[in-house]
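Trainee: I would like to learn how to read a structure like this one. Where do we begin?

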2 protein chains.
Amino acid sequence: MLQISRRADYAVRIMLELGLHESDEPLSAVELTAYAEVSKAFLHKIVGDLVKAGLVVTYKGPAGGIVLAQPPAEISMLDVLAAVDGPVCLNTCLLRPNECPRDALCPAHLFWGRLQSIVMGELAKATLDKLITQARALKEGREWPANNVSYVLEKSR
Amino acid sequence: MLQISRRADYAVRIMLELGLHESDEPLSAVELTAYAEVSKAFLHKIVGDLVKAGLVVTYKGPAGGIVLAQPPAEISMLDVLAAVDGPVCLNTCLLRPNECPRDALCPAHLFWGRLQSIVMGELAKATLDKLITQARALKEGREWPANNVSYVLEKSR
DNA sequence: CAGTAGTTGACTAAATCACTCAACAAAGGA
DNA sequence: TCCTTTGTTGAGTGATTTAGTCAACTACTG
């Protein structure tokens, strides 16, 4: 169905909440589970992936918790997705360049490649600081241009 | 991993080959399997979906086979994907508007929605006749601008 | 050293995917 | 009317993935 995984959804929520967290103290997993609506055990799985990707750091012991490892402006949704979902790869034939025997002769191949570069570009442009700004605006009740975007599921014919 | 299904890949190949088929006679499933590199039984499954979606029509009996049901200019990759893979829905919370309780308050939701509309737009723009033109150009050995697009999988840091 | 908090590996139930198989239905020619 | 050719369909299957859970563990702090 061309869908991101639940892990990726949770990961974005987690990163966003960490970015919105003002204090210098780490945010505990317990607080995060409440916001992200995910079980503690599963949250730790996801956080583990984010740690491996260098997106967050964690502290053990009392007053421990989770903190962003980089400034929000340097973290993109592409990083987050790659950390928990693996690389964006619209079609198996795009996994490695020149691996598919059809390759350059296959117009479908070219199409998937082009679409993939567009998706990856959008994901890379979407940095955490932009989402944070947007989140703050939403909280204050301000309108946001992106609100007007319509994503139609059924085809209009 | 954010990937289309094998079915969708095959479906695009099938549609493309049908579009490239010059004659008015239907193309038989046997010929299609050779091109799309898919078993006859599985091909029929996929063709069945395409028939239901009104994208192709089939004829039984000797000299039977498969034909496009619409002019290539009116068939987009979005149609093909929807026929075999179901709707494009990047995140479960986008399945139906206003169903997700987080909805307008959730900046992640807005982000996924925006990305989805971009993806769907690109899929809708990619009509079969464009792919056919491109395929003919590739066969003739002409260069095609889209060839130069790079889709990077690893993040360059 | 007791309590808090994150870490890890093993496990699992359910779903999905990518098919196959086999019986069937329709069309057309001899 | 058969017979052959071709498409149709539903049931089934093995492999893989997903979305978790559980429990034992490690590390830090006071």
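Mentor: With one helix and one definition. The expected span of a helix is 1.5 Å times one less than its number of residues. Keep in mind that this is a predicted model. Now take α3(A). The helix has 13 residues. From its first C-alpha to its last, α3(A) reaches 18 Å, close to the 18 Å expected.

Trainee: Which residues of α3(A) are buried?

Mentor: Count neighbours. A residue is buried if 20 or more other C-beta atoms lie within 10 Å of its own, and exposed if 12 or fewer do. In α3(A), the buried residues are A:L43, A:I46, A:V47 and A:L50. Seen down the helix axis, these fall within an arc of 105°, so they line one face of α3(A). On the other side, A:A41 and A:K52 are exposed.

Trainee: What do the buried residues of α3(A) pack against?

Mentor: Several elements of chain A: α1, α2 (29-36), β1 (56-59), β2 and α4 (77-85). Look just past the helix too. There A:G54 takes a positive phi of about 75°.

Trainee: Can we try the reading on another helix?

Mentor: Take α6(A), residues 128-139. The helix has twelve residues. Its reach is 16 Å, close to the 16 Å expected at 1.5 Å a residue. Buried here are A:L128, A:L131, A:Q134 and A:A135. They cover an arc of only 125° around the axis, which puts them on the same side of α6(A).

Trainee: Which elements do the buried residues of α6(A) pack against?

Mentor: Check the chain letters here. The partners are α1 of chain A together with α5 of chain B. After α6(A) comes A:G141, with a positive phi near 85°.

Trainee: How many helices and strands does chain A have?

Mentor: Six helices and two strands. Read from the N terminus, the order is α-α-α-β-β-α-α-α. Next, ask about burial across the chain. Of the 157 residues in chain A, 35% are buried. Then ask how far apart contacting residues sit in the sequence. Take the contacts in chain A with a separation of 6 or more: 61% of them join residues 24 or more positions apart.

Trainee: How is chain B related to chain A?

Mentor: Superpose one copy on the other. A rotation of 180°, with 0.0 Å of shift along its axis, places chain B on chain A with an RMSD of 0.0 Å. The two copies are thus related as by a two-fold rotation axis. The same surface serves both copies: 98% of the contact residues of chain B recur in chain A.

Trainee: Which residue of chain B comes closest to the rotation axis?

Mentor: That is B:L2, with its C-alpha at 2.9 Å.

Trainee: How many residues are in contact between the two chains?

Mentor: Count each side separately. 46 residues of chain B are in contact with 45 residues of chain A. On the chain B side, α1, α4 (77-85), α5 (107-125) and α6 (128-139) each give two or more residues. The largest share, 13 residues, comes from α5(B). By class, this side of chain B has 30 nonpolar, nine polar and seven charged residues.

Trainee: One last residue. Is B:K52 buried or exposed?

Mentor: B:K52 lies in helix α3 of chain B. B:K52 is exposed, because 11 other C-beta atoms lie within 10 Å. The C-alpha atoms of B:K52 and B:A83 are separated by 7.8 Å, though the two residues are 31 residues apart along the chain.

Notes. Residues numbered from 1 in each chain as written. Chains lettered and ligands numbered in written order. Predicted model: local features only at pLDDT ≥ 70, side-chain atom pairs only at ≥ 80, totals over all residues. Least-squares fit on C-alpha atoms with pLDDT ≥ 70 in both. Contact = placed C-beta atoms within 7 Å. Helix = DSSP H or I, 4+ residues; strand = E, 2+ residues; numbered from the N terminus. Nonpolar A, V, L, I, M, F, W, Y, C, P; charged D, E, K, R; others polar. Arc of directions from axis to C-beta.
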